[in-house]
Structure formats: C-alpha cells, structure tokens
Amino acid sequence: MNIEHVQFPAMLPQTPWRRRMKVLLGRLLSVLDPRAAAAVAAGKLPSRLGLREQLLIAALVDRHQRAGTLGELAPLHAWLWQGEQAVSFHEQAAARFNSWWLRHHCEIVAPIQKLIDAPDSPYRQLCEIGCGSGLVLRDLARRLPQLDRLTGLDLSALQTERNRMRQADPRIRFVSGDVTAWIPAHATPGTIFLTVAGVLEYLPRAQVQRLFRDIATKLAPAAVALIEPVPRDYDFERESESRPYGAENSLAHNYPLLLRETGFVTHFQQLQNIGDFTFMLLLAERGHRTEPAQA
C-alpha cells in the first residue's frame, strides 16, 4: 500500500469521495460485526491488513477525528510500529539519518555533552526510545565515549533482533518493549532518555504525562532529551492542551509544560524548521542541576 495516498496509519484515502465511501462501509461493517470493530480499536490486528480491517479502521479513525479524541488511536500506532510495516520503514532510514540527524537534529548532542561533562554528573547511560534502525544510537556512541551503556528501546521485536545482529559495540544493547512499561520497570537513575524525529507524538497526553512522572519520581537524577515534530503554529506560551495534526493523526504535546509540571528544569530548547516539518529540540533534567531554562 502506498502511504503517500492515505492518512497513515488510518488507511483513509485523501480523495474525498473514496474516503466517504470507505468510512460508510466501515460504519456498516462495525454495526454488523461489533466484535471485530472492538478488536480493531484495541489494536488486535493481523500483520497484513485485509479489506475488512481497512474498512473498520477507516470508520474508527473518522469517528475519533469528529469527536476530537485521536489519542484513542494509540493502539493502532502501537500495532503499526511493532509490525512488518515498521521494519520496512526503518530499513529506509539512512536517508533520514543523513538529511535530518546529521544536518539538523544532532544539535541536541552539544547540550547532552554539557550535561555529561558537568561537575559530579551522574549521567553514564542513555536510552533512545523508539530507536528504529539504531543508526542514531550508534552515532551517539561514537560522539559520547564517556557513556558506559546505550540502550535502544523499540516496540518492534523484529527490528530489535535485526539491530542486535548488526551490533558490534559492547556498550550498545537493543531491547523490545513498550516505553510506558519498560522504563519504570528496567531503567535506572542517571539515564538520559532520548527521542528522535517523533515518538511521543503517537502517545496520548495522559501516557506522556505518566512517563515523565515515572522518570521524575522513580529514576531521578534523570534527563529527557526530545526531538519531536510539532505544528508550526503551536503556541507553547499560550496553548496547554495536546492537539492532533498532520496526515498521521499524531498528537502535538506541549512538552515544556508537561516536563515543568513534573518537576523538570529545561536547559535547552529550540525549534527547527526542516522543509514542511517543525521539530522541537529540548533537554530537561530532574534531580541534578537547577539552573533556569535556556531558550
């Protein structure tokens, strides 16, 4: 399926009449087979979608769009990033790594380096959430030789196994799991948690809040480094609620506010415009340094 012609991962055609037809058929199928509709809403889907699943997804996403509850699509995003589609996406990561990370997003490395080099710094571990192909993590291992361990966490067990087979640096490990469950269960204090090019945008606001709270209360001293896409018109000074945006039906969160509410202090914050995308780069810390934020 060519994702350029659908609203990813909702399987909604951009052509208006095709979209209406698919949604109507999906609504009818939801009435006729409510058990199947419930399974789709819970993200219980086969690795390859048939027409029935596509129709049910179309109706489900349309309903949440109209109700303003797109955060309820988190199970669909989780299904997507665990499956074969995610592996195909990550196998094409080299171009994004070269054009986004090496040219733009790597600006987050200098603030991270400063955090590691600070007097009495506790930071000797880094965990990349949603590490995908592992290219960024391997580059960080080269740039930050002071780190004792770098962990790549990803939903996809398939991609995790591929990464392990390609790994040579003994400081790097790859694990598979859900971020909201794995981090409070396995992470340790003194860790820098990183996302690159969009991970938390697929989680509802409540899950992002809980993740930040777990890190702040159970794992401090800890730091959070984010590179997350946001709408270009999002006003971080005046808006507090998360809102959906883009073709992927993902969510823009007010990351500075959510981190501040859980006791983090922001050390670095920047907006980057790359083509049609705007990314927020942010580094915040809980439990070590207390200097005021740097814009």
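**A chat about strands, loops and helices**

Reader: Hi! Where does Pro-221 lie?

Author: Pro-221 lies in the loop between helix H11 (205-218) and S7. Helices (H or I, at least four residues) and strands (E, at least two) are DSSP runs, numbered from the N terminus.

Reader: And what kind of peptide bond joins Ala-220 and Pro-221?

Author: A cis one, with omega about 5°. Most peptide bonds are trans, and most residues other than glycine have a negative phi.

Reader: Before we go on, what am I looking at?

Author: This is a predicted model, in which local features need pLDDT of at least 70 and side-chain atom pairs count only at pLDDT 80 or more, while totals for chains, interfaces and linings use all residues. Residues are numbered from 1 along each chain as its sequence is written, and side-chain values use heavy atoms, with hydrogens and water left out.

Reader: Back to phi, then. Where is Asp-120, and is it buried or exposed?

Author: Asp-120 sits in the loop between helix H7 (109-117) and strand S3 (125-129). Its phi is positive, about 60°, although it is not a glycine. At 74% relative accessibility Asp-120 counts as exposed. The cut-offs are under 20% relative accessible area for buried, over 50% for exposed, and partly exposed in between (1.4 Å probe, protein chains only).

Reader: What about Ala-197?

Author: Ala-197 also isn't glycine, and its phi is positive, near 65°. It is found in the loop between strand S6 (191-195) and H11, and at 27% relative accessibility it counts as partly exposed.

Reader: Switching topic: how many strands form the open sheet, and in what order?

Author: There are 7, in the order S5-S4-S3-S6-S7-S11-S10, with mixed pairing. Two strands pair if DSSP finds at least two bridges between them. Strand S5 (172-176) and S10 are the edge strands, each pairing on one side only.

Reader: How buried is S11 (residues 277-286)?

Author: 8 of its 10 residues are buried, so S11 is largely enclosed by the rest of the structure.

Reader: Which way do the partners of S11 run?

Author: Strand S7 (residues 222-230) is antiparallel to S11, joined by 9 bridges, with Val-224 partnered by Ala-284 of S11. Strand S10 (residues 265-274) is antiparallel to S11 too, also through 9 bridges, and there Val-265 pairs with Glu-285. S10 and S11 form a hairpin with 2 residues between them, and Gly-275 in the turn has a positive phi of about 60°.

Reader: And where is the parallel part?

Author: S3 and strand S4 (residues 149-154) run parallel, joined by 5 bridges. Cys-127 stands opposite Thr-151 in S4.

Reader: Last topic, helices. At what angle do H2 and H3 cross?

Author: The axes of helix H2 (residues 34-41) and helix H3 (residues 51-67) come within 10 Å and cross at roughly 70°. That makes H2 roughly perpendicular to H3, a label for angles of 65 to 115 degrees (under 35 is roughly parallel, over 145 roughly antiparallel, the rest oblique). Axes are lines fitted to C-alpha atoms, for helices over the stretch in contact, with angles from 0 to 180 degrees between N-to-C directions.

Reader: Which residues meet there?

Author: Ala-36, Ala-37, Val-40 and Ala-41 in H2 meet Arg-52, Leu-56, Ile-57 and Leu-60 in H3, where contact means heavy atoms within 4.5 Å.
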